[in-house]
Amino acid sequence: MVPDRWYDINGVWTGSATQLPDGQIIMLYTGSTNESVQVQNLAFPANHSDPLLLNWVKSESNPVLVPSAGIGLKDFRDPTTAWFVPNDSTWRVAIGSKDNHAGIVLVYKTKDFVTYTLNSGLMHAVEGTGMMECVDFFPVSTESNNGLDTSVLGPGVKHVLKASLDDNKHDYYAIGTYNAVDDIWTPDDPQIDVGIGLRYDYGKYYASKTFYDMTTKRRILWGWIGETDSESTDLLKGWASLQTVPRTVVYDKKTGTNLIQWPVEEVETLRLDATNFTNITISPGSVVPLDIGSATQLDIIAEFEVDESALENINEADVAYNCSTSGGSAGRGLLGPFGLLVLADKDLSEQTAVYFYIAKDINGQLNTFFCHDELSSSLADDLMKRVYGSTVPVLNGEKLSIRTMVDHSIIESFAQGGRTCITSRVYPTKAIYSGAKVFLFNNATDVSVTAKSIKIWEMNSAFIRPYEI
C-alpha cells in the first residue's frame with residue numbers, strides 16, 4: 001500500500017492482519033492524515049488467490065477509527081491482530097497510546113471491522129514509560145511448545161503484552177493473565193511489567209510484531225534492525241535497515257517467568273560445512289583462534305563450563321556489574337568476561353565480543369550476564385558503538401550456552417536456549433570476507449573456562465528472488 005489518500009497521505013504505518021473464520025483476511029493499519037492526525041484504516045486483499053497478497057484495496061469507510069477524546073492526535077497508532085471473544089461474539093483490537101507520561105493500551109470492540117466501540121477502561125497502563133507503540137498481544141501455552149491462535153483463551157494459557165517504547169526505542173514484554181470479560185490484562189509480576197522489565201532483545205532491535213503460523217502451529221516474531229552508522233553513509237549505500245531472522249516464541253516452562261526465542265528451523269536449510277571443537281581450555285587472559293575458513297556467514301552453537309571449585313572459592317561480591325556500563329569485554333573481573341569474538345580480523349583490531357560475565361552478589365548468589373561488545377567492532381569513525389546486554393537465567397545443572405548467527409554486519413545471539421537475546425549492527429572494515437575470523441577469549445582474572453563443545457556452520461546465502469506466480 002502507498003500513501004495516496006487524505007487519511008494516509010503522510011504515511012502508511014504499522015498495521016496487522018486478521019484472518020476471519022470464513023477465510024477472509026482484513027488489514028487494519030495506521031495512516032497519518034493530511035493534517036498529520038493518526039487514524040486507523042481498513043484494507044482487503046485485491047485478489048484472495050494471490051499467495052503473496054501483493055495488492056490491497058482500501059475501504060471506502062476509512063478512516064474507521066480516529067483518536068478518542070483525551071487521546072493525542074499523534075499518539076494513536078499500530079493496531080494489533082484482532083482476537084475473538086465468544087462471550088459477546090465480538091472482536092477486539094488493541095492500540096497503543098499515552099496519558100501524559102504513562103503508556104496505555106486501548107481496546108476497541110467490533111463485529112464488522114467498520115464500526116467500533118471503545119472500552120470505558122484501559123487494558124493496561126504503566127506509569128513512566130511514555131508512548132507505547134507497535135503493541136502486540138497474544139496467548140502462549142504453558143503446557144506445550146506449540147504456538148496459539150490469537151483468539152485462544154482458557155486453562156493452560158498465559159497472555160503476553162508487548163510494547164515498543166517511543167522514548168527509548170526498546171521492545172518490552174511481560175507475561176500475565178487476561179480477563180476477557182473486562183478486557184483487562186494483569187502482569188504476573190508487577191516488578192517486571194511492560195516497559196520496566198524484560199525485553200525481547202537487548203541490542204539494536206525495535207518495532208517487532210508476531211503472527212500465528214497456523215500450518216506449523218508456531219508463534220513467529222519479526223523485529224526491525226536499524227542502522228548505527230551516519231545518515232550520509234546510508235545515503236551512499238542506497239538503503240537502510242532490515243529485518244531480523246524470524247524467531248519462534250514460546251513460554252519458558254522451566255523458569256515460568258520469561259519467553260524463549262529461537263531462529264525458525266528453516267534457517268538451518270542454509271547450513272553448509274560444519275566444524276566441531278570440543279574441550280578447549282581457555283585460561284585467564286587468553287585468546288584462542290578457531291580455524292574455520294570463511295567467517296562472515298555463520299551459525300555458531302557453543303557450550304561453556306566454568307570450574308566449579310573456582311566459583312565456590314570466590315568470596316568477593318561484584319554487585320555493580322552492568323553490561324552497558326562495564327567497559328565491555330576488555331574489562332577484567334574475577335569470573336569474566338569470556339566467550340566468542342566474531343567478525344574479528346587476525347590482529348583483533350576489529351572484533352565484536354559475545355560473552356558471559358558471572359558476578360556474585362552480597363548474598364553469595366551467582367548472577368550471569370550475557371553481553372555484546374561493539375566498542376571495537378569497526379575502525380570506521382561514524383558509528384554508534386555500544387555494549388549491550390542483561391542478565392540471563394541459568395538453572396541448576398545447565399551449561400552456559402550461546403547460539404550466535406553472523407551475517408556480514410548483523411550478529412544475533414541467543415543465550416540459554418533463547419532466554420536472553422541480543423542483536424548488533426556492526427560495520428567492520430577489515431574483518432570482512434576472507435579477513436573475518438572467530439576466536440574464543442577469557443578475560444577473567446581468576447577462573448579457567450572450558451569450551452565443552454562448539455559447532456560452527458558456514459551459511460549459504462538465501463538467494464532471495466521474485467516469487468513466481
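Student: How is the lining of the largest cavity divided by class?

Tutor: The lining of the largest cavity has six nonpolar, four polar and one charged residues. Here Ala, Val, Leu, Ile, Met, Phe, Trp, Tyr, Cys and Pro count as nonpolar, Asp, Glu, Lys and Arg as charged, and the others, Gly among them, as polar. A word on the source: this is a predicted model, where local features need pLDDT of at least 70, side-chain atom pairs count only at pLDDT 80 or more, and totals for chains, interfaces and linings use all residues. Residues are numbered from 1 along each chain as its sequence is written, and side-chain values use heavy atoms, with hydrogens and water left out.

Student: What makes a space a cavity, and how many are there of 30 Å³ or more?

Tutor: On a 1 Å grid over the protein atoms alone, a cavity is a set of points where a 1.4 Å probe fits but cannot get out. Grid points are joined across faces, edges and corners, and the volume is the space filled by probe spheres set on the points. By this rule there are two cavities of 30 Å³ or more.

Student: Which residues line the largest cavity?

Tutor: A lining residue has an atom within 4 Å of a point. Among those of the largest cavity are Pro139, Ser144, Arg219 and Tyr251. Strand 10 (132–141) and strand 17 (247–251) each supply at least two residues of this lining; strands are DSSP runs (E, at least two residues), numbered from the N terminus.

Student: And what about the second largest cavity?

Tutor: Its lining includes Ile314, Glu316, Asp318 and Lys360. By class, that lining divides into five nonpolar, no polar and three charged residues.

Student: What makes a set of residues a nonpolar core?

Tutor: The members are buried Ala, Val, Leu, Ile, Met, Phe, Trp, Tyr and Cys residues joined through side-chain atoms within 4.5 Å, with buried meaning under 20% relative accessible area (1.4 Å probe, protein chains only). The largest such core has 42 residues, of which Phe304, Phe356, Leu440 and Ile454 touch the most other members. Strand 21 (residues 297–306) gives this core its largest share, five residues. A second, separate core of 19 residues includes Val126 and Trp185.

Student: Why do strand 1 and strand 4 stand at the edges?

Tutor: Strands pair if DSSP finds at least two bridges between them. Four strands form an open antiparallel sheet in the order 1-2-3-4. Strand 1 (12–19) and strand 4 (56–58) each have a single partner strand, so one side of each is left without a neighbour in the sheet.

Terms used. On a 1 Å grid over the protein atoms alone, a cavity is a set of points where a 1.4 Å probe fits but cannot get out, and a pocket is an open set with protein on both sides within 12 Å along at least five of seven lines; lining residues have an atom within 4 Å of a point. Buried means under 20% relative accessible area, exposed over 50%, partly exposed in between (1.4 Å probe, protein chains only).
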